[in-house]
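Hello,

Here is the structure you asked to see. Please open it and keep it beside you while you read my notes.

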Amino acid sequence: MKNDLFHGDLVYLTAEESDTQAAAFSRWFRDTEYMRLLAVSPRVTWSTKKVKEWIEKDYEKDRPEGYFFNIRAKEGDKLIGFFGLWDVEANHADTIISIGIGEPDYWGKGFGTDAMRLLLRYAFVELNLHRVSLFVFAYNTRAIQSYYKTGFKLEGRMRAAMLRGGKRDDIVAMGILREEWEKNVI
Amino acid sequence: MDIHKQLFVGPSVCLGPIDHEKDPPIMSQWTHDPEYLRLVDIKPAYPISAGQIKKKLEALEKEIEESKNLYYFTIRSKEDDRLLGFATIRWIEWTHGTGWIRLGIGNSQDWHKGYGSETLGLLLEYAFSELNLYRLGAEIPEYNLGALRLFEKVGFTQEVCRRQALNRDGRRWDALIYGLLRLEWEAQHEK
């Protein structure tokens, strides 16, 4: 069996202690550019204590409710982001994922794409899912390019679902089926 | 604005609160009909007792209170106050003005009588004119032809096709997302 589920070319996956995670998340939360690419809820400033409580409540879910991973860069070992496979529907074998690279120095250099490849391998090879779904804000063009690269297909747009900075924009829906992933894997 | 217009009353249905004593046994009966369950939910069809439903309804009211982004109504027949179904607006994002609609008429004998249509009309009025939302969404399995017809009739557009997202009866089905914007709904009502 090929057991390299947690190691990619540029990144590897870990579970972090909640203190380490809370410190990283706190830092990333203060970058409003990062947060506006990642989440719909309005930006707020949270103490590290509050972030830790939120992680322990919402992120340390027991499988199969959610599968959450932290991402570290192989070179330098820096904690750079996370991804999660949520709402894994046992009967339908689908999941809605979230992914974020919190360190801006690691944007646009292939780290997110490498992490996504690990996510897809895990979804299809270990969770045996039939498809992986995601929603991404239409203005997050860098992420959308990365998702196309890893094989996701456009499935539609939820019109006017976001109002930010006085502008309305869409939320884009993308998905990849197992057979598409199998063809795409080098 | 016509302040005399009743937001929760239609020609044959009323939207109202949960009756924690009377509703659980009826709702439990609905969960013994797999056809209903498979139309209204993607979770595996599974029967639930009145006692368990009572607990779920209590948890639901707590969630409504705490989350402040969820509205839940029971649908009752105006004529005899009989419980017909439920309707919710959930996952509301206030800063974006968006919400998701879900409704169900529990007993198949009550289908095709216009109750869903009337309820949806009341819900849209409530969402757009009272909650001042900008956009409503609904996720509908492709095999739920009744719901597709109903939502299309009131003006929802198909926006997303989540291909093969559902697996039932040994085959794959698409999960469709439909959307309706307030300005589209207002335009219809001006006619």
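B:Lys68 sits in the loop that joins helix H3 (50–67) and strand E2 (71–77) of chain B. Helices (H or I, at least four residues) and strands (E, at least two) are DSSP runs, numbered from the N terminus. B:Lys68 is not a glycine, yet its phi is positive, about 55°. B:Lys68 counts as exposed, at 55% relative accessibility. Exposed means over 50% relative accessible area, buried under 20%, partly exposed in between (1.4 Å probe, protein chains only).

This is a predicted model: local features need pLDDT of at least 70, side-chain atom pairs count only at pLDDT 80 or more, and totals for chains, interfaces and linings use all residues. Residues are numbered from 1 along each chain as written, chains are lettered from A and ligands numbered from 1 in the order written, and side-chain values use heavy atoms, without hydrogens and water.

B:Asn132 also has a positive phi, near 55°. Its loop runs between helix H4 (115–130) and strand E5 (135–141) of chain B. B:Asn132 has 51% relative accessibility, so it counts as exposed.

Now the interface. Chain A puts 31 residues into the contact and chain B 27 residues (heavy atoms within 4.5 Å). Five salt bridges are counted between chain A and chain B (a side-chain nitrogen of Lys or Arg within 4 Å of a carboxyl oxygen of Asp or Glu). B:Glu184 and A:Arg159 form a salt bridge through their side chains, at 2.7 Å from N to O.

Best wishes
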